[in-house]
Structure formats: structure tokens, C-alpha cells
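Please walk me through this model in the viewer, one selection at a time. I would like to know what to pick next and what is there.

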Amino acid sequence: GVQTCALPISSVVLCASGTAAAHFHAAVIEADLSCVPMLVVTADRPPELRDVGAAQTIDQTNLFANAVRWFHDPGVAAAEASGSWRSLAARCIHRALGPRPGPVHLNLPFREPLLGRALEIDGADVPVGSLQGVVGVDPESLADVIAKIGRAHV
């Protein structure tokens with residue numbers, strides 16, 4: 001039968017590339033089996049540094065296999081793609097929170113240099129607002145998280 005679970009709490013875990021991502025595997029499996037909404041965000045090396053023996057590079061594609069509700073690798077971050085970031089975040093939240101809550105893996109490859117200025121993201125029109133009544137997303141808390149992420153430097 002279909003296992004049904006409902007937990008209003010979700011968590012976000014972040015890590016660098018390589019074996020650091022593998023350390024989340026046990027937590028991802030537990031979140032899967034317990035239907036705990038979780039967003040696992042892993043940094044990754046760019047495609048040109050995969051399969052060539054570069055340091056801190058393992059295959060992170062579908063790293064957690066069928067223990068996640070959804071896996072996505074949007075490709076190397078580029079300012080030109082920033083218009084899709086909100087909808088991607090909303091899709092991750094939607095997949096993690098239901099109808100069967102659980103972990104979602106977002107793999108984000110980056111090119112060097114990893115230093116730079118964070119982009120300004122206006123939190124006024126966050127697309128997950130449409131999910132508020134369904135999943136109980138607090139818009140003020142979400143806006144605060146988005147602002148902190150926007151101020152963070154990699």
C-alpha cells in the first residue's frame with residue numbers, strides 16, 4: 001500500500017562537493033522512511049571537471065537514488081538563469097512537502113572563482129505563496145531565509 005505521512009517541519013541541509021554530500025546519505029534515508037520534508041542542496045564541480053580526476057569530485061547525480069522525491073541539477077549557476085531560480089525553489093519545496101513528504105536533492109555545480117557579489121533577490125513575489133494554504137509556508141520566515149541566502153557568499 002501507499003504510506004501516508006504528514007509532518008509540518010522541513011529542514012534544509014547544505015554542503016560542499018565531493019564526499020561531504022555522501023555524509024548526508026543516512027539522514028536522507030531516514031527522512032525518506034519517516035516522510036520528513038528535507039531539501040538537500042549540494043554544491044558540485046562544473047561538468048568539465050567531472051570524470052577527469054579533479055579533487056573533491058564524485059558523481060553526485062542521483063547520489064541518493066530512490067530515497068529522494070525528486071533530484072535536479074540545473075547546470076552551472078549563471079546570472080542569465082536567475083529568472084528561473086524562484087520557480088526552481090518553489091518546485092523543490094512543493095516536491096518535499098507533499099503529497100508524500102520527503103527529501104529532495106538539488107545539486108548545484110559552480111565554476112571558479114567562487115567569490116563575487118551576491119545577486120539581489122526581491123522577496124516580494126516569492127512563488128511559494130500559492131502553496132501557503134496547502135503546506136503552511138510562513139511568508140515572513142521564507143522571505144527571511146531568501147534574504148539570508150542572498151547575502152551569503154560562497
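Select Arg69 and Asp32 in this predicted model: the two form a salt bridge, with 2.6 Å between the closest N and O atoms. The bridge joins distant parts of the chain, since Arg69 sits in the loop between strand 2 (38–44) and strand 3 (70–72), while Asp32 belongs to helix 2 (residues 25–34), 37 residues apart. Both partners are buried.

Arg100 lies in the loop between helix 3 (85–97) and strand 4, 68 residues apart from Asp32. Asp32 counts as buried because its relative accessible area, 12%, is under 20%. Arg100, at 29% relative accessibility, is partly exposed. Show the three residues together: Asp32, Arg69 and Arg100 are linked in a network of salt bridges.

Next, select Arg111 and Glu48. This pair also forms a salt bridge, with its closest N and O atoms 2.7 Å apart. Arg111 is in the loop between strand 4 and helix 4 (132–135), and Glu48 is in the loop between strand 2 and strand 3, 63 residues apart. Arg111 is partly exposed, with a relative accessible area of 42%; Glu48 is partly exposed at 42% relative accessibility. The whole structure holds 3 salt bridges.

Finally, go to His105 in strand 4 (residues 103–109). His105 is buried, at 1% relative accessible area. Its side chain makes a polar contact with the side chain of Thr42 (2.7 Å). Beyond four places in sequence, the residues in contact with His105 include Val40, Gln60, Leu63, Phe64, Trp70 and His72.

Notes
Residues are numbered from 1 along each chain as its sequence is written. This is a predicted model: local features need pLDDT of at least 70, side-chain atom pairs count only at pLDDT 80 or more; totals for chains, interfaces and linings use all residues. Side-chain values use heavy atoms; hydrogens and water are left out. Helices (H or I, at least four residues) and strands (E, at least two) are DSSP runs, numbered from the N terminus. Buried means under 20% relative accessible area, exposed over 50%, partly exposed in between (1.4 Å probe, protein chains only). A polar contact is a pair of N or O atoms within 3.5 Å; within protein, one must be able to donate a hydrogen and the other to accept it, and residues adjacent in sequence count only if both atoms are side-chain atoms. Contact means heavy atoms within 4.5 Å. A salt bridge is a side-chain nitrogen of Lys or Arg within 4 Å of a carboxyl oxygen of Asp or Glu.
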